[in-house]
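Open the model in your viewer and keep the selection tool at hand. We will go stop by stop.

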Amino acid sequence: MRVGLGYDVHKFAENRKLIIGGIDIPYERGLLGHSDADVLTHAIMDALLGALALGDIGKHFPDTDPEYKDISSIKLLEHVMKLINSKGYKVGNIDAIIIAQAPKMLPYMDNIREKLAETMGISIDQLSVKATTEEGLGFTGRKEGIASQAVCMLVPIQ
């Protein structure tokens with residue numbers, strides 16, 4: 001069994017879509033990043049890579065590489081899953097949290113979980129995604145951006 005922890009943060013930007021967990025969330029601003037800036041998927045990928053000491057997403061998908069400009073993070077997650085499986089592991093479970101004052105994530109949570117579980121080839125009961133605010137405190141509380149954390153457990157493929 002291997003355990004990994006992931007964290008990511010992106011600031012809001014004008015004229016960008018807000019993509020969380022592969023789902024387009026209607027909101028007045030999106031997140032700034034080289035890829036689609038999907039903060040939740042990035043945290044999950046970092047947790048998966050970290051569990052096997054494979055570095056982070058910046059190592060695998062550098063923001064200096066034009067190949068990854070505006071790429072869907074779901075495509076990157078597919079690559080990470082192939083890498084994890086090639087090392088002889090599969091997902092046991094993932095627990096993740098989205099930290100955002102706005103927008104409210106609850107209406108999109110089922111779609112987010114379905115999209116991520118399908119992409120990773122796991123059942124939805126292996127994936128917990130929650131959302132919280134920071135009660136107006138910090139950069140997320142001031143609606144300057146969104147953060148996400150994830151922890152995963154990987155188990156050997158039998």
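**Stop 1: the sheet**

Select strand β1, residues 2–13, and then β7: 10 bridges join the two, and they run antiparallel. Strands and helices here are DSSP runs, numbered from the N terminus: E, at least two residues, for strands, and H or I, at least four residues, for helices. Two strands pair if DSSP finds at least two bridges between them. This is a predicted model, where local features need pLDDT of at least 70 and side-chain atom pairs count only at pLDDT 80 or more, while totals for chains, interfaces and linings use all residues. Residues are numbered from 1 along each chain as its sequence is written, and side-chain values use heavy atoms, with hydrogens and water left out.

Click His10. Its bridge partner in β7 is Ile146. Ala13 has Gly30 of β4 as its bridge partner.

Next, show β5 and β6. Six bridges join them, and they run parallel. Ala96 stands opposite Val129 in β6. Step back to see an open sheet of five strands, in the order β4-β1-β7-β5-β6, with mixed pairing. β4 and β6 stand at the edges with a single partner strand each, so one side of each has no neighbour in the sheet.

**Stop 2: helix α1**

Select α1, residues 39–51. Is α1 mostly covered or mostly uncovered? It is mostly covered: 12 of its 13 residues are buried (under 20% relative accessible area, with a 1.4 Å probe, protein chains only). Among them are Val39, His42 and Asp46. Then click Ala53, which follows α1 and has a positive phi, near 55°.

**Stop 3: the core**

Which residues touch the most other members of the largest nonpolar core? Select Ile20, Ile44, Leu48, Met120 and Ile146, out of 47 residues in this core. Such a core is a set of buried Ala, Val, Leu, Ile, Met, Phe, Trp, Tyr and Cys residues joined through side-chain atoms within 4.5 Å. α1 gives the most to this core, with nine residues.

**Stop 4: the largest pocket**

Select His34, His42, Ile57, Phe61 and Asp63. Of the 14 residues that line the largest pocket, these are the closest to its centre. A pocket is an open set of points on a 1 Å grid over the protein atoms alone, where a 1.4 Å probe fits, with protein on both sides within 12 Å along at least five of seven lines; lining residues have an atom within 4 Å of a point. β1 and α2 (57–60) each supply at least two lining residues.

Key
Buried < 20%, exposed > 50% of the residue type's maximum accessible area, 1.4 Å probe, protein only.
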